[in-house]
Amino acid sequence: MLFPHLLKPLDLGFTQLKNRVLMGSMHTGLEEERGGFEKLAAFYRERAEGGVGLIVTGGISPNLRGRLAPHASQLSFPWQVSRHRIVTDAVHEAGGKICMQILHAGRYGYHPFSLAPSAIKAPITPFKPSAMSSRQVKGTIKDYAASAKLARKAGYDGVEVMGSEGYLINQFICARTNKRTDEWGGSFENRIRFSLEIVRAIRATVGTDFIIIFRLSMLDLVEDGSNWDEVVALAKALEQAGVTIINTGIGWHEARVPTIATSVPRAAFAWVTERLKSEVSVPLVATNRINTPEIAETILASGQADMVSMARPFLADPEFVNKAAADKSALINTCIGCNQACLDHTFKMQRATCLVNPRACYETEITFNPAQQPKKIAVMGAGPAGMAFSIYAAGRGHKVVLFEAKSEVGGQFNLARKIPGKEEFNETIRYFTNQMQETGVELRLNTRLDASVLNDEDFDEVVIASGVVPRAVELPGFDSPRVVTYQQVLNGDVEVGKKVALIGAGGIGFDMAHFLGEKGSSTLDPKRWRDQWGIDEAYEHRGGLKAAVKEPAERTIYLLQRKTTPMGKGLGKTTGWIHRAVAKMHGVVQMTGVSYESFDEQGLHIKVNDEAKVLDVDTVVLCAGQESNRTLLSEMEGTGKPVHLIGGVDVAAELDAKRAIRQGAELAMRM
Ligand code: FAD
Ligand code: NAP
Ligand code: SF4
């Protein structure tokens, strides 16, 4: 067995988990959709069938004012039990176990009725909470217990009490947000009373044979957070109060340190859980950026934790555990930590899904049945769109021949993976490559598909996935060899000088600033990464924060855009701030409202608000978006075969890999 620690059962006394894998809590958006619980049941069923030891649901509020948003889920009334039953039955039929997370948002509630220990507004919501009265505090504790009782009635195997990420319980624990002077505030003993009373009340209500997980904030990453002694003291008190398992929480949502984005090193926070290992005897769960069975096994084998929590990796691949157990980890579709289709959707109140797996949360809507009439299909281009189409179409029984002009598959992902912090994009290329082999896709590298190929062979249909090409900008002097494209830079085809102007500040402009500003990749050097972001591994300061180590770039970099809107406005909802912070870290000069005039020996001539300026730069890198690569479209249409367009060749504007892969999958489903 390759992963003996990961696959080892865990005995909790009154019940056994079949392995050490906890599927962490994720809000999918299905919880609030009409008919959503049936879809949610299908979603969880696939993960239980896929071998997960213990599933934790998305957060469910114990009362009205604890909701995350006005229409967010709540479990407080007996009539709400039956829809949860659909979910628990599905998981149990599939041989799994499931706990319901109880989450009171406190001041993170996105509505005007939010409550908190003290009336202090969170920096990430527009609503100022009301301070809870003593009666409301006691009532909320009862609501937690009542919700847990209903969860048991609904068939859950336990509950997870959300005590981290800056939600209500965490707000009571830390002096940062708890300025009360009654028995619920002031001293540390008073501040943790709320969490302990909740656990005691739940345990008294549900009995001894019900799992209670407590998600404990072990590293707040905000000023005036807990210190290490307080974390240990609370963990010990929680154990006394009757928790079964302690899960790790890292960072409040308002923290300005990335905790789960793709640029966070793998298992970057396992050391925190490890630190607590010797202090308590209940099982501890390590979390954050654990995305392969190999890394999970290392954590468990080295004794850093008793279980590992992975959440997004189960959006990316429901079969993660089964594949690991069958020694097929090379076939796991790995979560690349992009947040683009999961958290970014959740924060925009859209249903979550996954960039690399468009079926996630669409299990009943995107299905790949065997093809009624298998066809022979030619696919032009092995970028994300072409590869996605190919594996799903071949999986349905079509004969797929995938033509790629270059010597490698991946398309623009081969450029993306060279950006510091985007190393995970290699995993998507690895997954598709192996899956193409598995499903019998015939791959022809170094082969440009054109009409002559189509005429020579007997294809039924053609899928064009030839992607995009960088947009050219034609201005006086821009024909200079010192005006280059992002593609040339990332492919190493050109030398970049010490003074650079980047034209265009979209995702690629910011990525290019990072590429040119950073020496190597700190994602591959966790200690350096922690220093860059001011994470105090010695835990000498409250919240685990210390002064960040400055790393100014060796180059002068200007990042320019024509729009007058704030820089990086179109970047990912949950990751844009990281790109902006990295640019700041490297001293990148950002200018908006720029119009470009010309380039010569003096540098780049621009106008900003009609004022002429010359930027003293030796290189200009064009990051000005892309255009569809349609050079062969009319030739293809001329063959008379049915032609389909997917990905960047279809529409280049606002193209991302999420759309490219989804379009590929949807076409494969229909064909
Ligand atoms: P492409 O990736 O352009 O693939 C097209 C393929 O077709 C190429 O391999 C090409 O060689 C091949 N081809 C063309 N003509 C022929 C022919 N006649 N015969 C055979 N083969 C042919 N997206 C995100 O969602 N998130 C990110 O974080 C992200 N970061 C990025 C960072 C960088 C630096 C770059 C450059 C891109 C990034 N992207 C990101 C964008 C993402 O890579 C693209 O949206 C995606 O690759 C588009 O997929 P596609 O399959 O449509 O086209
Ligand atoms: P983009 O987001 O469309 O940005 C293009 C930039 O070029 C804009 O700043 C635009 O701003 C400028 N521009 C457009 N036309 C121009 C012209 N004719 N002359 C000068 N400037 C021009 O495209 P991108 O940065 O190339 O990214 C492509 C796609 O990849 C994006 O849609 C994105 O989703 C994806 N991507 C995502 C990430 C991520 O981290 N999530 C990272 C990289 C890429 P002005 O018009 O204001 O000048
Ligand atoms: Fe992971 Fe990105 Fe999929 Fe979210 S969208 S689960 S971060 S790969």
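Asn339 lies in the loop between helix H10 (320-325) and helix H11 (343-347). Helices (H or I, at least four residues) and strands (E, at least two) are DSSP runs, numbered from the N terminus. The model is predicted: local features need pLDDT of at least 70, side-chain atom pairs count only at pLDDT 80 or more, and totals for chains, interfaces and linings use all residues. Residues are numbered from 1 along each chain as its sequence is written, chains are lettered from A and ligands numbered from 1 in the order in which they are written, and side-chain values use heavy atoms, with hydrogens and water left out.

Backbone geometry is taken up here. Most residues other than glycine have a negative phi. Asn339 is not a glycine, yet its phi is positive, at about 65°. With 3% relative accessibility, Asn339 counts as buried. Buried means under 20% relative accessible area, exposed over 50%, and partly exposed in between (1.4 Å probe, protein chains only). Arg289 also has a positive phi, near 55°. This residue is found in the loop between strand S11 (284-286) and helix H8 (293-301). Arg289 is buried, its relative accessible area being 5%.

Side chains of opposite charge can pair when their charged atoms come close. A salt bridge is here a side-chain nitrogen of Lys or Arg within 4 Å of a carboxyl oxygen of Asp or Glu. Across the whole structure, the search finds 41 salt bridges. A network of them links Arg289 with Arg266, Glu424, Glu427 and Arg430.

Individual pairs were examined next. Glu254 and Arg176 form a salt bridge, with the closest N and O atoms 2.7 Å apart. This pair links distant parts of the chain, 78 residues apart. Glu254 sits in the loop between strand S10 (245-250) and helix H7 (270-277). Arg176 sits in the loop between helix H4 (168-173) and helix H5 (188-206). Glu254 is buried, at 6% relative accessibility. Arg176 is partly exposed, with a relative accessible area of 23%.

A further salt bridge joins the side chains of Asp182 and Arg180, at 2.8 Å from N to O. Asp182 counts as partly exposed, at 26% relative accessibility. Arg180 counts as buried, at 11%.

Arg528 pairs with Glu518 in a salt bridge, the closest N and O atoms being 3.8 Å apart. The two residues are ten residues apart. Arg528 belongs to helix H18 (residues 526-533). Glu518 is in the loop between helix H17 (507-517) and H18. Both Arg528 and Glu518 are buried.

Gln435 is buried, at 16% relative accessibility. It contacts Leu331 and Ile391, residues up to four places away in sequence not being counted. Contact means heavy atoms within 4.5 Å. The C-alpha atoms of Gln435 and Asn629 are separated by 26 Å. Along the chain, Gln435 and Asn629 are 194 residues apart.

In an unreviewed entry, UniProt lists residues 6-326 as "domain: NADH:flavin oxidoreductase/NADH oxidase N-terminal". UniProt positions are given in the numbering used here, feature names are shortened, and annotations may be inferred rather than shown by experiment. In the model, the span of residues 6-326 is 35% helix and 16% strand. Its end C-alpha atoms lie 13 Å apart.
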